Each structure stands twice: as C-alpha cells, then as structure tokens.
Amino acid sequence: MSLPPVFSRLRLPVIGAPLFIISNPKLVIAQCKAGIVGSMPALNARPASQLDEWLAEITETLAAHDRAHPESPAAPFAINQIVHKSNDRLEHDMEVCARYRVPIVITSLGARPEVNEAVHRWGGVVLHDIINNTFARKAIEKGADGLIAVAAGAGGHAGTKSPFALVSEIREWFDGPLALSGAMATGGAVLAAQAMGADLAYIGSAFIATEEARAVDAYKQAIVEGSSDDIVYSNLFTGVHGNYLKPSVRAAGLDPDHLPESDPSKMNFGGGDSAKKAWKDIWGCGQGIAPVKAVVPAGELVARLRREYEEARSRLAQPA
C-alpha cells in the first residue's frame, strides 16, 4: 500500500519525532522546510491558549515558504496528542487542531476511536505509536490510519522488541503506513528501516542536539558526547519504562545503574508539573546518538541524513 497523499512532499522518508518540552514551532518549521515531517506535542504549548498561537505560526510560515519556493514545498507537520486519561487538555487541544486542520496527528498512550474519528472529519491522518504487535492490532481496530513501531533503543517510552521482529509481525497483517522508531540517527538507518518493511523512519534524539530545539545546552552536549553506553532504561520517572541519559540521572542524585522500580499505577502523562519536572530534569534519549557529533541547525542534520541515505542506496546498487 502506498503512503497517503499527505506524505507526497517528503524529500526524505522521515518523521521528526515529537519531543516533550523540547519541540517547538521553530524546530517543526525547520524540519518541514528541510523536507521531513516536523512534529511537536500539543502539551508543549503552555498555557493551553498558546497552542492556537503556535499552530498559526507554523501554518502561516509554511504557507509563505510554499509561495516563495513552489519548486520545493514544505513537508507536512504533525501534532502529538497524549490520549491517556491523565491528559485533561485533550478536548481543548483537539478543538484547536480541528480549527487548523492539522494534517497528521500522532496519538500516544492509548487508542481512542473518538479521537481518530475527529481527525478524519477534518481530513487528517492518524498515526498511533505502539510497542508491540498486540497494541498495533488494537490501534488499527480503533481507527488509526497507520502505526509508529517504537522498538528497543528508542528515546522516551520505548519498547523492548527488536525492530526486525516488530516490523515483521506487523507486516504479516497490516499493509498501511508504518514508521519505525529506535536508535536511528543516520541515513543508512533510514534505508534499513525501509528494507525491513517500514515506510518511514521516526527520528527524535538526534534533533535534540539542534540549534532550534528547546533543550538546555548541557542536554545537547550530553548527546554530542554520548553513546548507547550512556543510556539507562527505567520506569522510575513516569511509571512506564523509558530510555534516559545517565548524566542527568546522576545530576539528580541517583545511581543510574541501581534505580528502583516505580509503581505503574501512579504514572502521569498529562503534562502537569510533576510530569514536566521528570522530563526537564531527567533527559529522555535513545541509544542511537553516537553519530551525533555536534549541535547543528535542523536543516543541516536533515541534509546529512539525505546525503547518507543516497550513499547507502548507491552502495546497495553496486554489483557484489
């Protein structure tokens, strides 16, 4: 199955993952202008009224870009909605998205048919992120258009499945849009995701170390200096397992190699002060950061990915 028309403007098969606290209109716009899907969580807009301002900025800026550059129009943008019951802003944020007819909505932490139906009413596409095949089936049954397979090594609330296993299992029954997340920061990884059966790569951590990202300098530098050895997988901070940078855990006075287990019943994803503090002080990050060697503009990062992607395709095209 081919991708929906909304993805026709992509110049590289990549979605820039929505980064809690960090993604902002500046980063989204830079990603879209560079030819990949730019995204951000609705909850990053604080107070809630700011979401309207941010969506106006994104849509107006990208429309102006398209008028000035009809030969290379911007890629579409996406808004991430946390549909978990702890998000008391969901109804408000969905109403704002409806006004701007957001082209792509990424849903997380629960599949809600009424959310999917609302997006479809304004002509948008819904991608739901999942960590296993069981959740994937539920998401499609409840009306999602496509899936984001969050495999082992991804930043934030990552799963534990090998990307080879997860993509293969999903492709046994689903031929719709599929993005793959997990330790990707090179163009070769993007091509590998497609070779496995995914349509798109879903890249987040590498974009934290960009000039547009709303992350503190120490966070960006930790990614530049880090590798997979600097990542710890724990459920202590939100109640659900995720990947985090060890330096931030140590800075919080904890031993990243001996973290206690958290009570999953106390998990909080609604974007309140406690959830925000966890992500502000404890830095989410995936395992694929070793290729990130410097803090650069987002457009420069995308240009590197495109160059590496084409180089990888050329290598495969050469006779053995």
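The model on screen is predicted.

**Stop 1**

Select isoleucine 21, which lies in the loop between S1 and helix H1 (25-34). Its phi is near 75°, a positive value in a residue other than glycine. Is isoleucine 21 buried or exposed? Buried means under 20% relative accessible area. Isoleucine 21 has 15% relative accessibility, so it counts as buried.

**Stop 1**

**Stop 3**

Go to proline 47, in the loop between S2 and helix H2 (50-68). Display the backbone between arginine 46 and proline 47: the peptide bond that joins them is cis, with omega at about 0°.

**Stop 4**

Select arginine 101, found in the loop between helix H3 (90-100) and strand S4 (104-108). The phi of arginine 101 is near 50°, a positive value in a residue other than glycine. Exposed means over 50% relative accessible area. Arginine 101 has 53% relative accessibility and therefore counts as exposed.

**Stop 1: two helices that cross**

Two packed helices are described by the angle between their axes and the distance between the axes. Select helix H7 (residues 187-196) and helix H12 (residues 298-317). Their axes come within 6 Å and cross at roughly 55°. H7 and H12 are therefore oblique to each other. The crossing of H7 past H12 is right-handed.

Next, show the side chains where the two helices meet. H7 makes the contact with Gly187, Gly188, Val190, Leu191 and Gln194. From H12, the residues in the contact are Leu305, Glu308, Tyr309, Ala312, Arg313 and Leu316. Sorted by class, the contact has six nonpolar, three polar and two charged residues.

**Stop 2: threonine 210**

Move to threonine 210, in the loop between helix H8 (205-208) and helix H9 (217-225). The relative accessible area of threonine 210 is 0%, so this residue is buried. What does threonine 210 touch, leaving out residues up to four places away in sequence? The residues are Leu27, Lys220, Val295, Val296, Pro297, Ala298 and Leu301. The separation is 8.4 Å, although threonine 210 and leucine 27 are 183 residues apart along the chain.

**Stop 3: helix H9**

Finish at H9, where the buried residues are Tyr219, Lys220, Ala222, Ile223 and Val224. Lys220 is also one of the residues that threonine 210 touches. What do the buried residues of H9 pack against? Show H8 and strand S10 (242-245), which are their packing partners.

Key
Residues are numbered from 1 along each chain as its sequence is written. This is a predicted model: local features need pLDDT of at least 70, side-chain atom pairs count only at pLDDT 80 or more; totals for chains, interfaces and linings use all residues. Side-chain values use heavy atoms; hydrogens and water are left out. Axes are lines fitted to C-alpha atoms, for helices over the stretch in contact, and angles run from 0 to 180 degrees between N-to-C directions. Helices (H or I, at least four residues) and strands (E, at least two) are DSSP runs, numbered from the N terminus. Angles under 35 degrees count as roughly parallel, over 145 as roughly antiparallel, 65 to 115 as roughly perpendicular and the rest as oblique. A crossing is left-handed if the near helix is turned anticlockwise from the far one by less than a right angle, and right-handed if clockwise. Contact means heavy atoms within 4.5 Å. Ala, Val, Leu, Ile, Met, Phe, Trp, Tyr, Cys and Pro count as nonpolar, Asp, Glu, Lys and Arg as charged, and the others, Gly among them, as polar. Buried means under 20% relative accessible area, exposed over 50%, partly exposed in between (1.4 Å probe, protein chains only).
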